[in-house]
Amino acid sequence: MKIHPGTNKIDGFTLTGLLILLLATTTLLFIARVVDIVGHDGWMPVALVTLSAAGLIYIMYYLGQLFPGQSLIEYLPLLLGKAAGKLVGLGYVLFLVYLTASVISESIALFLGTGIFTFTPIIVIILLLVMASSYGVASGIVVIGRTLNIYWLGIMAVLIIYFILAISAMELEALLPVGEAGFKTILKGSMISHSYRGELFLLAMLLPYCRSYREGFIAANIANIIVGLLVIGTVVISVTILGVETSSRTLYTPFFLADFIKPVGIKIALTAIWIIAFWAKISLLQFCLTAGTSQLLELKQSEVIIVPIAIILVVFSLSFYDNATDLFQSIAQTFPGTALVFEWLIPGLLFVIAIIKYKLMGQDQSHGELDEDNYRG
Amino acid sequence: MLYLLGLMFIALMAWYLPGLIRRKMWRETAAFSGLLLIAMVYSFGLLRGQRLPDLVDVLEMVFKPVTKYLEQLLT
């Protein structure tokens, strides 16, 4: 497994694609909860989250620059001390296990819920998906990135065509009056959006693999804006075509909407792109999980843990949730709290600690690692 | 099915462990064995239909109240 960033670099274009697929794959499907809370102003929490995600990207960029060439799991002990750093690192690895297994379960729920692979045994779908993602992990981030370079612009094109086709059916007056929900409700509605967009914390695992930190920072911001626009577009289309009531009860909104948009065949294009997008998201999460575990345990050879981790993910994705209802209920009740801690609070705290430790107290952060210029070479 | 699963784990151990032990990569050996043990326990549990305590149970116990508190705070 090509875990050590040395020669395995991706460029900003690739990172943008990776992050768009990481964030958009699930967040676009589950906008119902936001519309349920905020109503026709459902696009506002998404816009708000895009702003706060820009802050999270800066935090990850700042921390990454302080510890060039090291991922979150590696610099945690340097910031918090060895014992606390390793403990929080373990927390992140477990969070990634939860996240990856849940995304695999979500993909199965989507495939079955939208009538794709209805007669295929679940275990077969999961095994094929995890085998494909494990192959990506074993080949390294560059291979995952290059594979997606072939697809991600095509995926974006299909989504844009889908949005354009929807325009004729939209009734924009459904969005009025703007801001009726009030700030507190918009904040409440943004909880689930914050959880999904907070997955940008993975930038702290991916920046060491980017050609330069600056490029990674710009790529992440572009991805954040594009995802923001895609989600706002989906919410607006959903509310203006289906209305608030139906939108707030609709799972897999883009697929449901596709039935109302002509030509009806667009649904099959959506299906194809979502299968690729789920592979991308699972591969990326599994890569971060495997790399994180390897870094936490300070392994010299990471290949040996790819298969055991893949088996754990297969088993957990089958055992975590009894059915799709249990999955969505559990995610709605647990994910916002978990995400708040791991995606927002801890990075925020690390940022404050880093500023106090290295800027205000002027402590030397060299720790013997390479500076960015050397590291790039 | 249980036997097939058992065979798969034996095959995996036979594939990875001798090389790791020969090269004296003890840390990797421990990591591989530990992770495989977790995989074995949970996959046998799943096949036998036994509900073992898992990560979601822990997360629900710890973070469900956090989500609830946040929702109440913003209501």
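1. Over all chains, the structure holds eight salt bridges, a salt bridge being a side-chain nitrogen of Lys or Arg within 4 Å of a carboxyl oxygen of Asp or Glu. This is a predicted model, in which local features need pLDDT of at least 70 and side-chain atom pairs count only at pLDDT 80 or more, while totals for chains, interfaces and linings use all residues. Residues are numbered from 1 along each chain as its sequence is written, chains are lettered from A and ligands numbered from 1 in the order in which they are written, and side-chain values use heavy atoms, with hydrogens and water left out.

2. Between chain A and chain B the count is one salt bridge, in which the side chains of B:Glu71 and A:Arg33 meet at 3.0 Å, N to O. Because B:Glu71 lies in helix 3 of chain B and A:Arg33 in helix 2 (residues 32-38) of chain A, the pair joins two chains; helices here are DSSP runs (H or I, at least four residues) and strands likewise (E, at least two), numbered from the N terminus.

3. Chain A and chain B bury about 3200 Å² between them, 75% of it on carbon and sulfur atoms, where buried area is the accessible area (1.4 Å probe) that two parts lose on being put together, summed over both. The contact (heavy atoms within 4.5 Å) takes 38 residues from chain A and 33 residues from chain B.

4. Across this interface the rule finds nine residue pairs in polar contact, both residues at pLDDT 80 or more. A polar contact is a pair of N or O atoms within 3.5 Å; within protein, one must be able to donate a hydrogen and the other to accept it, and residues adjacent in sequence count only if both atoms are side-chain atoms. On the side of chain A that touches chain B, helix 5 (82-113), helix 8 (183-197), helix 13 (306-319) and helix 14 (324-360) each supply at least two residues, and the largest share, ten residues, comes from helix 14 of chain A. That side has 24 nonpolar, eight polar and six charged residues, with Ala, Val, Leu, Ile, Met, Phe, Trp, Tyr, Cys and Pro counted as nonpolar, Asp, Glu, Lys and Arg as charged, and the others, Gly among them, as polar.

5. The axes of helix 14 of chain A and helix 3 (residues 55-73) of chain B come within 7 Å and cross at roughly 85°, which means that the two helices are roughly perpendicular. Axes are lines fitted to C-alpha atoms, for helices over the stretch in contact, and angles run from 0 to 180 degrees between N-to-C directions; those under 35 degrees count as roughly parallel, over 145 as roughly antiparallel, 65 to 115 as roughly perpendicular and the rest as oblique. The residues that meet include A:Pro336, A:Gly337 and A:Phe342 in helix 14 of chain A and B:Phe63, B:Lys64 and B:Leu70 in helix 3 of chain B.

6. Within chain B, helix 1 (residues 2-22) and helix 2 (residues 26-47) pack at an angle of about 180° with their axes 11 Å apart, and helix 1 of chain B is therefore roughly antiparallel to helix 2 of chain B. The residues of their contact divide into 16 nonpolar, four polar and one charged.

7. Two backbone features of chain A deserve a look. A cis peptide bond, with omega about -5°, joins A:Leu176 and A:Pro177, and A:Pro177 lies in the loop between helix 7 (141-167) and helix 8 of chain A.
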